[in-house]
Amino acid sequence: MDNRRMPDEIPMGFAMSLAQNKTALEKYARLEEAERQSYNERAAHAQSKSEMRGLVSEIASKNDIG
């Protein structure tokens, strides 16, 4: 995977994957900062497109709270 990114920024491949899934993108935007950073770190270490898609699917399937 292409893990190029600036510090504290979303990895490029992760951003592109999120952009292809409106539900995941909207839920990602509503996450607490610490949780977004956790996903960013996991995405930065993803070894395949499949793994990246798995992260996006995980976000999309999260239940909204409140």
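Guide: Contact here means heavy atoms within 4.5 Å. The model is a predicted one. Leaving aside neighbours within four places in sequence, K27 is in contact with I59, A60, S61, K62 and D64.

Visitor: Where does K27 lie?

Guide: K27 is part of helix α2, which covers residues 22-30.

Visitor: Is K27 buried or exposed?

Guide: Residues under 20% relative accessible area are called buried. K27 has a relative accessible area of 15%, so K27 is buried.

Visitor: Which backbone atom does the side chain of K27 reach?

Guide: The side chain of K27 comes to 2.9 Å from the backbone oxygen of A60. A60 is also one of the residues listed as contacts of K27.

Visitor: How many helices and strands are there in the chain?

Guide: The chain has four helices and zero strands. Read from the N terminus, the order of elements is α-α-α-α.

Visitor: How are α1 and α2 placed relative to each other?

Guide: For a pair of helices, look at the distance between the axes and at the angle. The axes of α1 (residues 12-19) and α2 come within 6 Å and cross at roughly 120 degrees. The two helices are therefore oblique to each other.

Visitor: Which residues make that contact between α1 and α2?

Guide: From α1 the contact uses F14, L18 and A19, and from α2 it uses K22, A24, L25 and Y28. Sorted by class, the contact has six nonpolar residues, no polar ones and one charged.

Visitor: How do the axes of α3 and α4 cross?

Guide: The axes of α3 (residues 33-44) and α4 (residues 49-60) come within 9 Å, with a crossing angle of roughly 160 degrees. Angles over 145 degrees count as roughly antiparallel. So α3 and α4 are roughly antiparallel to each other. The crossing of α3 past α4 is right-handed.

Visitor: Which residues of α3 and α4 meet?

Guide: On the α3 side they are Y39, R42 and A43, and these meet M52, L55, E58 and I59 of α4. The residues of this contact divide into five nonpolar, no polar and two charged.

Visitor: What can be said of the chain as a whole?

Guide: Two percentages describe it. Of the 66 residues of the chain, 30% count as buried. Among contacts between residues at least 6 apart in sequence, 62% join residues at least 24 apart.

Definitions and conventions. Residues are numbered from 1 along each chain as its sequence is written. This is a predicted model: local features need pLDDT of at least 70, side-chain atom pairs count only at pLDDT 80 or more; totals for chains, interfaces and linings use all residues. Side-chain values use heavy atoms; hydrogens and water are left out. Axes are lines fitted to C-alpha atoms, for helices over the stretch in contact, and angles run from 0 to 180 degrees between N-to-C directions. Angles under 35 degrees count as roughly parallel, over 145 as roughly antiparallel, 65 to 115 as roughly perpendicular and the rest as oblique. A crossing is left-handed if the near helix is turned anticlockwise from the far one by less than a right angle, and right-handed if clockwise. Ala, Val, Leu, Ile, Met, Phe, Trp, Tyr, Cys and Pro count as nonpolar, Asp, Glu, Lys and Arg as charged, and the others, Gly among them, as polar. Buried means under 20% relative accessible area, exposed over 50%, partly exposed in between (1.4 Å probe, protein chains only). A polar contact is a pair of N or O atoms within 3.5 Å; within protein, one must be able to donate a hydrogen and the other to accept it, and residues adjacent in sequence count only if both atoms are side-chain atoms.
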